[in-house]
Amino acid sequence: MFSHRWGAGEPLLRDIEGRKIYDLDGTEGLAKLQKFCLLSLRRGFIWAWSDTCCIDKDSSAELQEAIGSMFSWYHRSSLTIAYLSDVSDTASLASSVWFKRGWTLQELLAPPTLVFYMQDWSLALNSDANNHKTDPTMLEEVQKATGVAVRHLKHFCPGMDDARSRLNWAACRRTTRAEDVAYSLFGIFKVHLPVLYGESAENALGRLLVEII
């Protein structure tokens, strides 16, 4: 599975449906998707999943199911590849906007196996570990960037335990759609609530806090 910051020209389901992605060109988002698929193939996988084009966003029912299931999908993945498009070999890992986005919090916590790649698709911190959640140096860097304790980075259990800390992890993160500030936390708190775009961030957070309380 792919974890990344959305950029310009991300291909949607309708852009690739019934077509070979390697025959397409024209956008940065498509080139990124192709790189991700090739990397997955080199790692021995024949199936790869990206949120940009593997969800039919024209279907409200499918979108609702995807948001409610996202945490478990990442948790069940054999490998999650996190692409830090704004981190070069000389930049700090913590400077990446990936660590400032709402949805990437669960994409960090849920997968048992996670590997970070930098802008040029080389491994972050030159770490060749098959799982960066087992690399002490990488875990230290990620803890500094997120405030999440190493024990949670290595083995996270969704639920209501220590709810204040979990809310703090998300406090400085941002989402494009206001309501996603709450929706992106549903999996972390292990709650199942309706997704109602247009309700406002305040209402969405209010419903989540009621469940937590």
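Figure 1. A cavity is a set of grid points where a 1.4 Å probe fits but cannot get out. In this predicted model, a search of the whole structure turns up two cavities of 30 Å³ or more. The second largest cavity has a volume of about 30 Å³. Around it you'll find Gly102, Ala170, Arg173, Thr175, Val181, Ser184 and Leu185. Sort that lining by class and you get three nonpolar, three polar and one charged residues.

**Figure 2. The largest cavity.** This one has a volume of about 60 Å³. Its lining is made up of Leu108, Leu114, Phe116, His132, Lys133, Met138, Leu139, Val142 and Leu153. By class, that's seven nonpolar, one polar and one charged.

**Figure 3. The largest nonpolar core.** Nonpolar side chains tend to be buried together in soluble globular proteins. Here, the largest nonpolar core holds 43 residues, and Leu109, Phe116, Val142, Ile188 and Phe189 touch the most other members. Elements giving two or more residues to this core include helix H4 (104–109), S3, H5 and helix H10 (201–212). Helix H3 gives the most, with five residues.

**Figure 4. A close look at Leu109.** Which residues does Leu109 touch, leaving out those up to four places away in sequence? The list runs Lys133, Val148, His152, Leu153, Phe156, Trp169 and Ile188.

How values were computed
Residues are numbered from 1 along each chain as its sequence is written. This is a predicted model: local features need pLDDT of at least 70, side-chain atom pairs count only at pLDDT 80 or more; totals for chains, interfaces and linings use all residues. Side-chain values use heavy atoms; hydrogens and water are left out. On a 1 Å grid over the protein atoms alone, a cavity is a set of points where a 1.4 Å probe fits but cannot get out, and a pocket is an open set with protein on both sides within 12 Å along at least five of seven lines; lining residues have an atom within 4 Å of a point. Grid points are joined across faces, edges and corners, and a volume is the space filled by probe spheres set on the points. Ala, Val, Leu, Ile, Met, Phe, Trp, Tyr, Cys and Pro count as nonpolar, Asp, Glu, Lys and Arg as charged, and the others, Gly among them, as polar. A nonpolar core is a set of buried Ala, Val, Leu, Ile, Met, Phe, Trp, Tyr and Cys residues joined through side-chain atoms within 4.5 Å. Buried means under 20% relative accessible area, exposed over 50%, partly exposed in between (1.4 Å probe, protein chains only). Helices (H or I, at least four residues) and strands (E, at least two) are DSSP runs, numbered from the N terminus. Contact means heavy atoms within 4.5 Å.
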